Amino acid sequence: MNILQLENLKKNYGGAYVLKGINLTINEPQIIGYIGPNGAGKSTTIKILTGIIEEFEGEANVLGMDVRKEPLEIKRRIGYIPENAPLYEVLTPLEYLSFTGRLYGLEEETIKKRSWEMLRLFELGDKANARMNSFSKGMRQKVLLISGLMHNPEIIFLDEPLSGLDANAVILVKEILAKLKMAGKTLFYSSHLMDVVEKISDRIIIINKGEMIADGTFESLKSNADKGSLENIFTALTGDDEQHQTTAGAFIDVLKS
Amino acid sequence: MEKWLLKFVHLFDFVFRKQGIDITQLHTIVETKLIMDKRRVYLNWRMGAQSEHSNHLRIMLGLYVLISAIISIGIYTGPSFIFSMTLFHSYVIFMMAMILITDFSSVVLDTTDNQIILSKPVSGQTLFMARQVHIMLYLLLFAIAMSLIPMICIWIRFGLLTVMASVVTVLLSVIFAVFLTYYFYLLVLRFTSEKRVKDIITWFQIVITVFFAIGYQLLLRLMDLESVTAHFELRWYSFFLPPVWMAYTLEAVYLRVFTKVHFIMCLLAVGLPFLLYWYITRYLATNFSLKLSSLASEHSDPVKPVRRHSGVSWSQRLSGVFTKVPLTKAGFELTWKITGRDKSFKLHFYPSLAYIFVFVFIFVFNGGQDIRQSWNGLAETDKFLWFIYLPMFIVANGLLFISFSENFAASWAYHSAPVQKPGQVILGSWLGLFVKYFFPVYLVMLTVCLYKWGLSVADDFVFGLANDYMCYLILGCIGRQYMPFSRQPGNRQQAGRFMLALLQMLIVGVMVSLHILVIRRPILFYAILPAILITCWLLERYIVNIKWNKIAV
């Protein structure tokens with residue numbers, strides 16, 4: 001089954017290409033780690049795949065459907081959890097979830113049951129009727145997670161989903177992601193940090209400046225890491241202590257001057 | 001009220017269905033938006049949640065009823081049918097357009113909607129229509145408030161049939177105003193690069209606002225108010241004025257006449273709104289949402305390499321001239337920079353700058369009279385006073401806006417830094433506004449007046465500058481003081497605004513009389529000018545020494 005296919009995907013923003021021809025095929029349910037430094041084009045790729053950006057060059061197919069031709073059907077069957085996305089803060093989580101649930105055309109009963117249960121599991125049960133403008137980053141992220149999962153999508157796109165979550169919630173979300181994979185879902189997980197995804201991903205794709213520079217399991221990437229152009233980017237993503245030590249030292253020196 | 005509004009929306013389901021719009025989604029979106037409007041909580045980072053302004057809408061509605069009552073006098077006593085109706089519809093269209101451009105511009109161009117809703121299986125068309133319906137509901141409420149009293153007058157004067165027809169024409173006017181505004185936005189969104197679109201729209205809104213102000217002037221000229229017969233002259237440009245179409249359409253109903261002119265006007269009145277509606281929903285709606293959504297996807301421009309000592313900016317140079325203390329300098333430069341970049345500030349303030357010229361035009365040339373005649377006779381009058389004091393009055397209005405910013409939460413920096421005299425920042429900020437916006441306008445005014453009156457007004461402009469500055473400081477002091485850009489927009493306090501405006505007028509009036517006194521007794525110039533300068537100095541001391549606990553949040 002063809003879950004996801006990108007052919008020579010390009011995106012032009014005001015004359016500059018932020019995606020310079022991405023090719024990618026996913027045929028079986030798996031967790032994909034889509035890794036790259038900030039500004040590499042991760043979010044743009046996801047926005048194209050989720051039908052939010054409609055203008056691009058190349059081909060993009062999700063679940064065998066053309067993103068350009070059947071965006072609504074695709075949106076119905078995927079979930080999208082953006083990073084620190086805006087939500088309607090004056091609403092309560094229950095109201096917000098019932099709002100997004102209705103947009104997916106879910107039954108009132110289903111919405112009520114699922115949102116209540118999921119909020120409770122995320123320890124937001126006592127906040128279910130409180131307005132979200134007083135919520136912390138992590139609490140909002142939880143609501144976004146629920147809103148992206150509630151319609152039981154087949155593919156889930158996550159853009160830095162752990163951002164702002166506390167340590168316990170991070171573990172919980174990681175467990176949820178693993179369980180989702182076992183349930184036969186495909187997860188497309190974008191992050192600028194390697195350590196978040198290295199353990200849960202079946203396949204890691206590294207992009208930099210709009211180009212794919214690596215594709216494989218974490219182990220295979222690691223063993224190839226010392227070869228050629230991959231080296232710098234890989235060390236940057238995994239965090240090279242030596243380099244950071246030097247920078248930190250220089251930082252303190254500025255204060256002394 | 002929401003329930004009634006939603007029921008009302010259901011009446012139009014058949015129209016939406018025909019256009020392939022998902023009605024359930026549409027109702028969900030509209031309902032949610034109404035809930036959100038009702039409980040817009042004004043969050044202040046220091047105080048926590050503040051009270052909800054659920055009365056805001058009612059106050060606005062009340063205000064429109066009040067204005068419409070004044071307009072109704074014109075409608076009731078107007079010299080002719082066409083006059084009354086043109087007046088009525090001009091009022092409706094003008095107010096609608098103003099509301100759309102000012103209060104609803106943020107709703108129209110809101111991009112959070114797209115980020116939240118477009119990732120869900122909602123078509124661009126459905127979302128566009130939901131936003132339309134949401135805005136339309138409010139405009140409908142406003143339209144009812146605006147036309148209630150006028151309609152009663154029309155009933156009494158012109159009969160029931162005319163009233164019933166005017167309900168239709170008012171609705172058409174509303175639709176017309178909405179889609180015309182949209183059309184402008186879409187056009188801009190279509191033909192410019194995405195990067196600068198928001199800037200351009202801001203400028204566009206400013207231009208439209210001015211356009212409407214001037215259009216109103218034109219309309220007043222059209223009506224020959226002074227002659228007793230006061231017949232309405234049909235000129236070629238009448239065919240471009242929607243209120244005139246509506247008036248003629250109603251006349252056809254009222255007098256049961258149907259000439260060629262009536263026919264054309266009728267066709268324009270009924271046809272054009274629908275044509276615009278059809279074209280927009282058919283061809284442009286999807287684009288609109290998508291264009292907006294691509295606006296929202298933040299994209300950093302290619303960064304230019306920054307050199308550390310790359311030239312000194314204007315604001316830095318001028319802040320060196322006008323300020324000495326670091327805090328004042330900070331306030332000066334912050335205000336200078338943010339006023340030039342903040343979209344909502346520009347939107348609120350720049351139109352009023354343009355109004356300076358509109359107002360000067362109105363006051364100096366006295367409405368109805370022949371422009372050339374009044375221009376030639378100008379030199380014998382004292383009307384240069386308008387040129388001196390109007391700019392100050394308008395710029396002083398900006399004092400209200402510089403306390404607001406979308407990015408208001410960033411004002412924590414004032415509180416975390418060891419700011420001992422917050423008044424210094426405030427004074428700097430006021431100075432920034434004054435230097436940036438008042439000086440250039442004042443220079444233009446000076447040039448015009450020197451050309452018209454000659455060197456004799458030079459000393460008036462010297463005196464006027466000092467007097468303006470003093471007045472500006474006083475106007476700033478009578479309100480409550482806020483740190484610059486520290487308040488959330490929408491939190492504008494409506495209550496007491498009218499009294500404050502009256503007080504401001506009074507103060508400006510006193511200052512202008514002071515100037516007139518000096519013109520009558522030139523010797524007083526040497527006594528009053530030093531007094532003003534000392535007052536300015538004292539006022540500055542006062543502002544600088546404002547304590548933290550006196551600063552409102």
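User: In what sense do E6(A) and strand E7 of chain A pair, and over how many bridges?

Analyst: Happy to start there, bearing in mind that this is a predicted model. Strand E7 covers residues 155-159 of chain A, and Tyr80(A) stands opposite Phe157(A) in E7(A). The pairing of E6(A) with E7(A) is parallel, and the number of bridges is four.

User: Which strands are the edge strands of the open sheet of six strands in chain A?

Analyst: The order of the sheet is E6-E7-E8-E3-E9-E10, with mixed pairing. An edge strand here pairs on one side only.

User: Which helix lies across E6 and E7 of chain A, and at what angle to E6(A) does it run?

Analyst: The helix in question spans residues 137-149 of chain A. It is helix H5, and its angle to E6(A) is about 170°.

User: Is Phe99(A) buried or exposed?

Analyst: Phe99(A) sits in helix H3 (residues 93-103) of chain A. Around it, 24 other C-beta atoms lie within 10 Å. Since a residue counts as buried at 20 or more, Phe99(A) is buried.

User: Which residues is Phe99(A) in contact with, leaving aside its neighbours within four places in sequence?

Analyst: Nice one to finish on, as the list includes residues of chain B. Ile111(A), twelve residues away in sequence, is 9.2 Å from Phe99(A), C-alpha to C-alpha. The contacts of Phe99(A) are Leu91(A), Thr28(B) and Thr32(B).

Terms used: Residues are numbered from 1 along each chain as its sequence is written. Chains are lettered from A and ligands numbered from 1 in the order in which they are written. This is a predicted model: local features need pLDDT of at least 70, side-chain atom pairs count only at pLDDT 80 or more; totals for chains, interfaces and linings use all residues. Helices (H or I, at least four residues) and strands (E, at least two) are DSSP runs, numbered from the N terminus. A residue is buried if 20 or more other C-beta atoms lie within 10 Å of its own, exposed if 12 or fewer, and partly exposed in between; C-beta atoms are placed from the backbone. Two residues are in contact if their C-beta atoms, placed from the backbone, lie within 7 Å. Two strands pair if DSSP finds at least two bridges between them. Axes are lines fitted to C-alpha atoms, for helices over the stretch in contact, and angles run from 0 to 180 degrees between N-to-C directions.
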